[in-house]
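Visitor: I would like a close look at a single part of this molecule: the places where side chains meet one another. Please take me through that part slowly, from the pairs to the larger groups.

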Amino acid sequence: MRAFILVILSLFLGVSGNQQLANQLQLGTANVSQTLQVALAQGRMIENVDTHGGFHGDGQSLAVWKFDDNSMLEQIQTDSDWKELPLTDNLEELLYGVVYDNGMSITEIGPCVDFSEEQLPRIQNGYYYFVDRQAEAEAQHSDAQIMERPALNFSVALYDTDMGTLYYIEVDT
C-alpha cells in the first residue's frame, strides 16, 4: 500500500511539475512577445536558460526560437525599433566583450552575460532590438547611457536572418 501511494504521489508531482514548466514557457513566450512587439507563434523555442532568482531577482535569461518561414523577418521589417546589424559599441561590449589595445595598455570591457558562443553566437546578418528597462519611456530603445549606470536592467533580441533564429537576452543586476 505504501508503494502504491508513493507511485501515485510521484505521478501527481511529475505531472504538476511538467504543467508548471509548460506554464513558465508559455508565460515567458508571452512576455517576450509583448516586449518585442512581435508574434512568436510561428517559431519553436529551442533553448531556454534563466538564472533569475538571485538577490532582488538578479540574473540573466536566454531564450532561442527557430523559424522555418519568414514570419519573424516580415514583422521585424515593419517595426522601426528593430535596427539592422552591426550592434552598437555598447551592446557589443555588453553581449560579447571588447578588448581595446592602444599600444600602452590593454583594456577589456564585458561581456556582462555568461552565455557561451554556442548559445549566443556572433551574428553577421540580421537585426537587433534593445530595451533599457531602467530608462524613461522615451529613451528605452537607446543604449547611449547604459554604461554609465551601476546596475543594468535591459532586454535585447538578435535575429539571425541567415539561420532564421531569434535570440532573446534579459539581464538584471
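Guide: What follows begins with the background and then turns to ring pairs, charged pairs and nonpolar groups. This is a predicted model, in which local features need a pLDDT of at least 70 and side-chain atom pairs count only at pLDDT 80 or more, whereas totals for chains, interfaces and linings use all residues. Residues are numbered from 1 along each chain as its sequence is written, and side-chain values use heavy atoms, with hydrogens and water left out.

The pLDDT is the predictor's confidence in each residue, on a scale from 0 to 100; its mean for the protein chain is 84, and 83% of the residues reach 70 or more.

The ring pairs come next. Rings of Phe, Tyr and Trp (for Trp, its six-membered ring) form a pair if their centres lie within 6.5 Å, and planes under 30 degrees apart count as stacked, over 60 as edge-to-face and the rest as tilted. By this rule there are three aromatic pairs. One of them, tilted, joins Trp 82 and Tyr 129, with 5.2 Å from centre to centre and 45 degrees between the planes. This pair links distant parts of the chain, since Trp 82 sits in the loop between α2 (71-76) and β3 (83-84) and Tyr 129 in strand β6 (residues 126-132), 47 residues apart. To say how covered such residues are, we call a residue buried under 20% relative accessible area, exposed over 50% and partly exposed in between (1.4 Å probe, protein chains only). Trp 82 counts as buried because its relative accessibility is 5%, and Tyr 129 counts as buried because its relative accessibility is 2%. Another tilted pair consists of Phe 130 and Phe 154, whose ring centres are 6.0 Å apart and whose planes make an angle of 35 degrees. Here too distant parts of the chain are linked, with Phe 130 in strand β6 and Phe 154 in strand β7 (residues 153-160), 24 residues apart. Both Phe 130 and Phe 154 are buried.

Charged side chains meet as well. A salt bridge is a side-chain nitrogen of Lys or Arg within 4 Å of a carboxyl oxygen of Asp or Glu, and a search of the whole structure finds four. In one of these, Arg 122 and Glu 92 meet at 2.3 Å, N to O. The pair links distant parts of the chain, from Arg 122 in the loop between β5 (106-109) and β6 to Glu 92 in helix α3 (residues 89-95), 30 residues apart. Arg 122 is partly exposed because its relative accessible area is 39%, and Glu 92 is partly exposed because its value is 22%. In another salt bridge, the closest N and O atoms of Asp 172 and Arg 133 are 2.8 Å apart. Asp 172 lies in strand β8 (residues 165-172) and Arg 133 in the loop between β6 and β7, 39 residues apart. With a relative accessibility of 13%, Asp 172 counts as buried, whereas Arg 133 is partly exposed, at 36%.

The nonpolar groups complete the tour. A nonpolar core is a set of buried Ala, Val, Leu, Ile, Met, Phe, Trp, Tyr and Cys residues joined through side-chain atoms within 4.5 Å. The largest core has 22 residues, and Leu 87, Leu 95, Leu 120, Phe 154, Leu 158, Tyr 167 and Ile 169 touch the most other members. Two or more residues come from each of β2, α3, β6, β7 and β8. Beyond its neighbours within four places in sequence, Leu 87 is in contact with Glu 92, Leu 95, Tyr 96, Tyr 128 and Leu 158. Apart from this core lies another, of 18 residues, including Leu 36, Phe 67, Tyr 159 and Tyr 168. In soluble globular proteins, nonpolar side chains tend to be buried together.

Notes. Helix = DSSP H or I, 4+ residues; strand = E, 2+ residues; numbered from the N terminus. Contact = heavy atoms within 4.5 Å.
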